[in-house]
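This report describes the architecture of one protein chain, beginning with the whole and moving to selected residues. The sequence and structure are shown below for reference.

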Amino acid sequence: MKKPKRSEIAFKNAYIDLLLNEDRDKIFVRTICEKSGYSAMCFYQNYVSKEKFTQKIIDDEIEFYIDNLAEFSDLLYSCNATEEACVKCKKKFFDHIYENKDLYRCIFSNKLAPETDHLYERKISERLIKSINSNELRILPIVNTNNGVPEIKFDENHAPGVCNDKNDYMIWFVVRNRMIGYLLAEIWCKNDFNLSPLEMAECFYRMMLILDGGSFIAKYNSLNMRA
């Protein structure tokens, strides 16, 4: 993800600070600019409108989510998907949320935009599907062995509701990852970040094992090591 400019960071931080105490409809571009220390001209050089500015904030968070999920997916494809490695990877996700607590308070309380939480959730799903279709993000079908040789296929017995059809599997993959990552983040936020990012990453790992029966990590590690 492209590193934001100082002015973009200042505008975002100013807007989030204002949203914590003001209704979004009462916050104008000039108010954001005054609090950020940058001019309106600078704002409009970056954004067409406040609505586009808000959309950019949401899109940037979704890109971070996808980047972290892609890293996690690549890890599961490797033979190094130990508990320590998985937790370390997902801790980056929860570290980011913790460092942006006020932003996520605004997202999950719908302060950022009307029904922000649903918009964020829907856009994550759309972005996941787009990433999978473009091979930017690899989904993980079941690995079986055929005379000791790893064989990849879509297995209808892998999880409830999953068919041996790639599109159905992709939908399940999207729902599963959105459910674990997104909903855990929302619950964490609504409980005022009562656990550390490390504890949240460990919770993510345990939930993944419950939902997947440990199949991704156990099967991929053992088969990749033999391949």
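A residue is called buried when its relative accessible area is under 20%, exposed when that area is over 50%, and partly exposed in between. These terms are applied below to a model that is predicted.

## Overall architecture

The chain contains ten helices and two strands. Their order along the sequence is α-α-α-α-α-α-α-β-β-α-α-α. Of the 227 residues in the chain, 45% are buried.

The accessible surface of the chain amounts to about 12,100 Å², and carbon and sulfur atoms account for 51% of that surface. Among contacts with a separation of 6 or more, 67% are between residues 24 or more positions apart.

## Helix 6 and Asp102

Helix 6 spans residues 101-108, and Asp102 lies within it. With a relative accessible area of 29%, Asp102 is partly exposed, because this value falls between the limits of 20% and 50%.

Which residues does Asp102 contact, leaving aside its neighbours within four places in sequence? They are Ile16, Asp17 and Leu20. Leu20 is 82 residues from Asp102 along the chain, yet the C-alpha atoms of these two residues are separated by 7.6 Å.

Asn68 lies in helix 4. Asn68 counts as buried because its relative accessibility is 3%, which is under 20%. When residues up to four places away in sequence are not counted, Asn68 touches Cys89, Lys90, Lys92 and Phe93.

The second largest pocket holds about 200 Å³ of space. Twelve residues line this pocket, and those closest to its centre are Glu51, Thr54, Leu112, Ala113 and Pro114. Helix 4, which covers residues 50-77, gives the most to the lining, contributing five residues.

## Two loop residues with positive phi

Most residues other than glycine have a negative phi, and most peptide bonds are trans. Asn110 is not a glycine, but its phi is positive, at about 65°. Asn110 is found in the loop between helix 6 and helix 7 (116-133). At 24% relative accessibility, Asn110 counts as partly exposed.

Phe193 is another residue other than glycine with a positive phi, in this case near 55°. Its position is in the loop between helix 8 (166-190) and helix 9 (197-212). Is Phe193 buried or exposed? Phe193 is buried, because its relative accessible area is 7%, and the limit for a buried residue is under 20%.

## Cysteines

How many disulfides are found in the whole structure? A search finds zero. Cys189 is in no disulfide, and the nearest cysteine sulfur, which belongs to Cys106, is 9.0 Å away. A disulfide requires two cysteine sulfur atoms within 2.5 Å, so the separation of 9.0 Å excludes such a pair for Cys189. Cys189 counts as buried, with a relative accessibility of 8%.

Conventions:
Residues numbered from 1 in each chain as written. Predicted model: local features only at pLDDT ≥ 70, side-chain atom pairs only at ≥ 80, totals over all residues. Heavy atoms only, no water. Buried < 20%, exposed > 50% of the residue type's maximum accessible area, 1.4 Å probe, protein only. Helix = DSSP H or I, 4+ residues; strand = E, 2+ residues; numbered from the N terminus. Contact = heavy atoms within 4.5 Å. Areas by Shrake-Rupley, 256 points an atom, 1.4 Å probe, with all protein chains shown as cover. 1 Å grid on protein atoms, 1.4 Å probe; cavity = no way out; pocket = protein on both sides within 12 Å on 5 of 7 lines; lining within 4 Å. Points joined across faces, edges and corners; volume = space filled by probe spheres on them.
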